Amino acid sequence: MNNPVVIVGAGLSGLRTASLLTKQGIACKVLEARDRIGGRVLSSSDPNKPELGKFDLGPTWFWPQYERTISNLVNELNLETFDQYTEGAMLAERSPHTAPDRYVLPPNSGARSMRFIGGVQTLIDAVAARIPSGVIELNTKVTAIRQEEAGVVTVETQSLDGEKKEIPARAVILALPPRMVVRHIEFSPSLPSGLITDLESKPTWMAGHAKVIVAYDRPFWREAGLSGFVTSWAGPLQEIHDASNESGAGALFGFFGMPAKERAELGEEELMKKVMEQLVRLFGPEARNVSAVLYKDWAKDANTAVEEDNDPLREFPQYGPSPKAVVWENKIIFAGTETSDLFGGHLEGALQSAEKAVLDLKKIIG
């Protein structure tokens, strides 16, 4: 059979799956609705100040002590990394009307986290470089997957300009958030109700969140003995970290404590005003001397979030493999970080899910 394995989604999981299949001589095709690869990985720079370097608006870290899959891949790809800056005191803000408390954490009190020189996009690009030209199709949204009576699978797609295509597939690997599968892809025959319930119960990791990066000409807070790490009950940012990169520019990034609906009601301009007020409260008047601001609200990303993802997470989701769909058992495989039971939500989970998807596929096709 000459039909390729179709991989839906060009995030880290989908790209790694394609690179592994390519290495084993298995023909594949990657379909991505966005106009870029990477999925929730997004390393951006200010177009007016590219000299500041790139900053991660999606995932930022990995933890080499216990995430062996990504650590081994980083070494294999010869990617450059550096330690997250944690020297100095952290701040705890309990009210916008009182000075934050200052704490010096004991040495080695937290797990060592690593960042990529050039951002996590360097990992994406290095994995994609191992995939042959023409395998990845951008701006291609999968709308339906049909299984014919003879067992042949047909993937229906639609491009940005409305052009529709049908792609025959040997099997389909769904490397995108489970809720996106349920909401945006029609299956014939239908997925079992138990599987649909399971997919809908898995929140898309970080989909309801927003991230802001405020860049400066230097990391001035370090001169005051601060690490840049802040926890806040006053907001709008509830957690802040040093996001300075190898360029020498300083940067702080923060996660918002307010839900997506409240962010939308405030609007980006008012939201950024409140962010600056908070940074000045925490780090002093020098925080006003901003070089660039980057912002990404993932709840507004139609290729990431569904309406249910706007609800704030109260606890870490129960991620892991989905139950098998007997009628589809030999034709569709689920991948993506939400399918990892041990590292769901992490880059490690995305990579482990890719390796598992390839193993499961080989059991099917021999």
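Isoleucine 131 counts as buried because its relative accessibility is 8%, where buried means under 20% relative accessible area, exposed over 50% and partly exposed in between (1.4 Å probe, protein chains only). The structure is a predicted model, in which local features need pLDDT of at least 70 and side-chain atom pairs count only at pLDDT 80 or more, while totals for chains, interfaces and linings use all residues. Residues are numbered from 1 along each chain as its sequence is written, and side-chain values use heavy atoms, with hydrogens and water left out.

Isoleucine 131 lies in the loop between α3 and β9 (136-137); helices (H or I, at least four residues) and strands (E, at least two) are DSSP runs numbered from the N terminus. Apart from neighbours within four places in sequence, isoleucine 131 contacts Leu15, Ala18, Ser19 and Ile136, a contact being heavy atoms within 4.5 Å. The C-alpha atoms of isoleucine 131 and glycine 344 are 25 Å apart, with a sequence separation of 213 residues.

Beyond four places in sequence, leucine 21 is in contact with Val5, Ile7, Ile26, Cys28, Ile173, Val358 and Leu361.

Helix α8 has 19 residues and spans 27 Å from first to last C-alpha, close to the 27 Å expected at 1.5 Å a residue (1.5 Å times one less than the number of residues). Its buried residues include Leu347, Ala350, Leu351, Ala354, Val358 and Leu361. The buried residues of α8 pack against β1, α1, α2, β13 and β20 (332-334). Glycine 366, with a positive phi near 80 degrees, follows α8.

The axes of α1 and α8 are 8 Å apart, and the helices pack at an angle of about 40 degrees; axes are lines fitted to C-alpha atoms, for helices over the stretch in contact, and angles run from 0 to 180 degrees between N-to-C directions. Therefore α1 is oblique to α8, given that angles under 35 degrees count as roughly parallel, over 145 as roughly antiparallel, 65 to 115 as roughly perpendicular and the rest as oblique. Among the residues making this contact are Leu12, Arg16 and Leu21 of α1 and Leu347, Glu355 and Leu361 of α8.
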